[in-house]
Amino acid sequence: MHGTERDAGSAPGAGTLDTIQPVAGLTHTSAELLRDPLIRLQAVIKVCSTYFDGVDRRELLNRVGLAGYATADGLLDGDEGADDQEGAAATERAAGPAARRTRTSSQLVRDAAIATRVKELHGHACQVCGTRLQYKRRPYSEAAHIRGLGNPHNGPDELPNLLCLCPNHHVLFDGLEIFVDVDGIVKHTHGGESVGRLRQHNGHHTDEAHLDYHRTLCDLNRITRS
């Protein structure tokens with residue numbers, strides 16, 4: 001702390017703090033580094049794994065505004081407090097039609113054409129298990145963002161950031177229960193068992209940087225669940 005003797009101890013008293021009026025924060029270089037989403041995520045993992053043994057790390061992240069790291073899709077605008085609203089609605093149940101609540105929120109604008117493109121390239125076959133579903137006599141698959149669009153991930157809505165998945169593996173991927181390793185093998189986050197190789201298509205290149213971000217997010221999930 002600037003203005004104190006080096007041997008003053010690690011915990012200055014209140015009187016010293018009042019006198020010196022210290023200013024705390026990150027250096028300019030650190031702040032610039034933390035603008036990078038992957039470095040920011042790595043910093044969160046480092047802090048959680050180093051300083052918070054015996055603490056409910058997931059609850060801690062929620063309390064400091066980092067709840068979006070709990071899933072790969074993050075928090076979309078208006079998601080904060082959604083669970084509380086659902087809980088309140090449950091206590092209001094009565095006979096008759098379900099009650100309705102008016103809500104105002106902003107939503108991310110997704111490019112439907114890109115989602116359609118990744119599904120068509122893979123013939124609506126899941127890139128993890130190869131399943132092709134039929135729903136209402138039409139093929140059905142889901143476009144999953146590797147690095148989520150919601151906060152704090154803020155990923156891009158582009159073809160290299162998408163996978164074509166069945167509903168089951170979409171849920172597992174977004175829930176950080178599976179990831180794609182550096183060799184293209186899909187594995188379980190907890191235990192590391194192999195699910196199989198990620199199916200590829202020549203017309204669909206997945207960005208390794210996004211896959212690396214998702215892997216790191218799964219590392220955080222592993223820490224906060226332990």
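1. A residue is called buried when its relative accessible area is under 20%, exposed when that area is over 50%, and partly exposed in between, with a 1.4 Å probe and protein chains only as cover. By this scale leucine 133 counts as partly exposed, because its relative accessibility is 31%. Leucine 133 has its place in strand 1 (residues 133–135), where strands (E, at least two residues) and helices (H or I, at least four residues) are DSSP runs numbered from the N terminus.

2. The model is a predicted one, in which local features need pLDDT of at least 70 and side-chain atom pairs count only at pLDDT 80 or more, while totals for chains, interfaces and linings use all residues. Residues are numbered from 1 along each chain as its sequence is written, and side-chain values use heavy atoms, with hydrogens and water left out.

3. Leu133 also belongs to a nonpolar patch on the surface, which it forms with Tyr135 and Tyr140, and together these residues have about 280 Å² of accessible area. Patch members have over 30% relative accessible area and no salt bridge, with nonpolar side chains joined within 5 Å and like charges within 9 Å; a salt bridge here is a side-chain nitrogen of Lys or Arg within 4 Å of a carboxyl oxygen of Asp or Glu. The areas come from the Shrake-Rupley method with a 1.4 Å probe.

4. In helix 6 (residues 112–121), Ile114, Ala115, Val118 and Leu121 are buried. Seen down the axis, these buried residues fall within an arc of 135°, so they line one face of helix 6, the arc being that of the directions from the helix axis to the C-beta atoms. The face turned away from this buried side carries the exposed residues Ala112, Ala113 and Glu120.

5. Strand 4 runs antiparallel to strand 3 (residues 142–145), to which four bridges join it; strands count as paired if DSSP finds at least two bridges between them. Among these contacts, histidine 145 has leucine 162 as its bridge partner in strand 4.
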